[in-house]
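Good morning, and thank you for coming. Please look at the sequence and the model as I speak.

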Amino acid sequence: MFVTGHDVIKAIRSFPAGSAAGPDGILPQDLLDLITCKEVGQKLASAITPLVNLLLAGKCPPEVATVLFGGILFALQYRSGRVRPIAIGYAWRRLVAKCANNYAVSQLGDTLLPMQLGVATPGGCDAAVHATRRYMATMTDDSVLVKLDFSNAFNCLHRDRILLSYGNATSLKFGDSTILSEEGLQQGDPLGPLLFCLTIQSILQSLSSELVLAYMDHVTLGDSESTVADDITTIANIGPIKLPLAA
């Protein structure tokens, strides 16, 4: 793929207000302020674009990629005691990921529909809720409805075929320590949801339940008790922790 200066500017503008900085301290807001500068903004956007295209082409030297595709790691603790690792990457890496994500979503069309509503589907969460309520309204006495949630899903994926920022081990700063990340997707990566949804799509398509709906790693199944039980067994046996990720 190849992006233009317009694509880069659009991606920079898409960062939510208040987005945090990576290890180098550069905020996405800093990039926005610079590209909107009347004197040098357009020149800077033109200079950033070749860098973005170089990284998209996978030509970043491994020794640089290990650092540039890393980030700062935070451990958020649930009330249950479980920990969710959140990574804040360099603004440059997140910018490239946004450009790749925008392009991929534009090419996907309705490829993931009607089962996966987590990406490339505006209002996907509302659609999933309405579809589930509609199914519940017509359920028979021998039907069941089950909602599943993959545990630490993004970190369970193998990197066998992941391109871009996952081709090499990456350095994550956690306090005074540095951790080499070699498995799974980084929670906080703009590309993470898309890569995860592409991974589990084949699983969703293999299920037999009458209702199969997913909003990223949240999966809802509806059918007879035996059919839903068989599908849960299928998900448990060939879930994302055992699948290579195609990108």
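This is a predicted model: local features need pLDDT of at least 70, side-chain atom pairs count only at pLDDT 80 or more; totals for chains, interfaces and linings use all residues.

Buried residues make up 42% of the 247 residues in this protein chain. Here, buried means under 20% relative accessible area, exposed means over 50%, and partly exposed lies in between, with a 1.4 Å probe and protein chains only. Residues are numbered from 1 along each chain as its sequence is written, and side-chain values use heavy atoms, with hydrogens and water left out.

Let me begin with the chain as a whole. Its secondary structure comes to eight helices and seven strands. These are DSSP runs numbered from the N terminus, where helices are H or I with at least four residues and strands are E with at least two. Taken along the principal axes, the C-alpha atoms fill a box of roughly 70 × 40 × 35 Å. The chain exposes about 13,200 Å², of which carbon and sulfur atoms supply 57%; such areas come from the Shrake-Rupley method with a 1.4 Å probe, and for residues only the protein chains shown count as cover. Among contacts between residues at least 6 apart in sequence, 68% join residues at least 24 apart, where contact means heavy atoms within 4.5 Å.

I turn now to helix packing. Two packed helices are described by the angle between their axes and the distance between the axes. The axes are lines fitted to C-alpha atoms, for helices over the stretch in contact, and angles run from 0 to 180 degrees between N-to-C directions.

How do helix α1 and helix α2 pack? Helix α1, residues 5-13, and helix α2, residues 28-35, pack at an angle of about 135°, and their axes are 9 Å apart. That makes α1 oblique to α2. By convention, angles under 35 degrees count as roughly parallel, over 145 as roughly antiparallel, 65 to 115 as roughly perpendicular, and the rest as oblique. The contact is made by I9, I12 and R13 of α1, together with P28, L31, L32 and I35 of α2. By class, these residues divide into six nonpolar, no polar and one charged. In this scheme Ala, Val, Leu, Ile, Met, Phe, Trp, Tyr, Cys and Pro count as nonpolar, Asp, Glu, Lys and Arg as charged, and the others, Gly among them, as polar.

Helix α1 also packs against α3. Their axes come within 9 Å and cross at roughly 100°. That makes α1 roughly perpendicular to α3. Here G5, V8 and I9 in α1 meet Q42, A45, I48, T49 and V52 in α3. This contact has five nonpolar, three polar and no charged residues.

Helix α3, residues 41-56, is in turn packed with helix α5, residues 91-108: the axes come within 10 Å and cross at roughly 75°. That makes α3 roughly perpendicular to α5. On the α3 side are I48, L51, V52, L55 and L56, and these meet W92, L95, V96, C99 and A100 in α5. Which classes of residue form the contact of α3 with α5? The residues divide into 10 nonpolar, no polar and no charged.

Next, some individual residues. Q29 lies in helix α2 and, at 37% relative accessibility, counts as partly exposed. The C-alpha atoms of Q29 and Y215 are separated by 29 Å, and the two residues are 186 apart along the chain.

The loop between α5 and α6, the latter at 124-137, contains P114. The peptide bond from L113 to P114 is cis, with omega near 5°. A120 is in the loop between α5 and α6 as well; its phi is near 60°, a positive value in a residue other than glycine. With a relative accessible area of 30%, A120 is partly exposed.

Finally, consider A128 in helix α6. A128 is buried, with a relative accessible area of 12%. Not counting residues up to four places away in sequence, A128 touches L117 and L213. The C-alpha atoms of A128 and I232, 104 residues apart along the chain, are separated by 19 Å.
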